[in-house]
Amino acid sequence: MAGRPKIYDEETALDRAVGVFWEKGYANASADDLLKAMGIGKGSFYLAFKGGKQELFEKSMKRVVDQNFRELRSAIHACDNPVKLIKDFFLGLVGEQSPIGNQGCYFGNALVQISENDSGLKLLAAHYLTLLESIFEEAMQRGKDLGLLQTNLPPATLASYLINLWNGINVTRRMETDSAKLAELLKLNLAVIE
């Protein structure tokens, strides 16, 4: 006997779960919140995510990586000026057009919000932030190879600096609403990669 056919789109459901987790955080996102947003019933949920909420969150983190990191990495390797691209990436965080609004970094939020009881999820979030740092390093290495960087700091050091800036600015954006002030702060910090 064949099982019931799936009557929802997995990617759409996962995108909606990302929205709930981003807005409420892992701990505060209830099963009801997730099911309602995803538009699926409990049976379908546990059939698709046998590990429950934890598996859903793991898949949501991978979804965010797949949607954003691959695109950033491709842009770095395709553009004429990867250093400018990284500056624009950071400056794009401020103002109305910010791709993440005022919700902060998906992975940084996870590191802060998830309890020590869910250490596997914390490690996964940290892994994805390390992946972003490696993308920054690729951009800095390419910038150095193209003669676009004046600094003698190695690309790995610049990448560590940039991931620290990424983490910091995503917290600062929650307390500072003045876009011009945030942009000036970012420009000051990004002067390191002149």
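## Model and overall fold

This is a predicted model, in which local features need pLDDT of at least 70 and side-chain atom pairs count only at pLDDT 80 or more, while totals for chains, interfaces and linings use all residues. Residues are numbered from 1 along each chain as its sequence is written, and side-chain values use heavy atoms, with hydrogens and water left out.

The protein chain has nine helices and zero strands. Helices (H or I, at least four residues) and strands (E, at least two) are DSSP runs, numbered from the N terminus. The order of elements is α-α-α-α-α-α-α-α-α. Along the principal axes, the C-alpha atoms fill a box of roughly 65 × 35 × 30 Å.

## H5 against H9

Helix H5 (residues 82-91) packs on helix H9 (residues 179-190) at about 150 degrees, with the axes 10 Å apart. Axes are lines fitted to C-alpha atoms, for helices over the stretch in contact, and angles run from 0 to 180 degrees between N-to-C directions. The crossing is right-handed, meaning that the near helix is turned clockwise from the far one by less than a right angle.

H5 brings Lys87, Phe90 and Leu91 to the contact, and H9 brings Ala183, Leu186, Lys187 and Leu190 (contact: heavy atoms within 4.5 Å). Five of these residues are nonpolar, none polar and two charged. Ala, Val, Leu, Ile, Met, Phe, Trp, Tyr, Cys and Pro count as nonpolar, Asp, Glu, Lys and Arg as charged, and the others, Gly among them, as polar.

## H6 against H7

The axes of H6 and helix H7 (residues 119-145) come within 9 Å and cross at roughly 150 degrees. That makes H6 roughly antiparallel to H7. This crossing is left-handed (turned anticlockwise).

Phe107, Gly108, Ala110 and Leu111 of H6 meet Lys122, Ala125, Ala126, Tyr128 and Leu129 of H7. Seven of the contact residues are nonpolar, one is polar and one charged.

## The cavity

There is one cavity of 30 Å³ or more. A cavity is a set of points on a 1 Å grid over the protein atoms alone where a 1.4 Å probe fits but cannot get out. The largest cavity holds about 60 Å³, a volume being the space filled by probe spheres set on the points.

Its lining (residues with an atom within 4 Å of a point) is Phe21, Trp22, Gly25, Tyr26, Phe57, Tyr106, Asn109, Ala110 and Gln113. Helix H1 (10-24) and helix H6 (106-113) each supply at least two residues. H6 gives the most, with four. By class, the lining has six nonpolar, three polar and no charged residues.

Note on methods
1 Å grid on protein atoms, 1.4 Å probe; cavity = no way out; pocket = protein on both sides within 12 Å on 5 of 7 lines; lining within 4 Å. Parallel < 35°, antiparallel > 145°, perpendicular 65-115°, else oblique.
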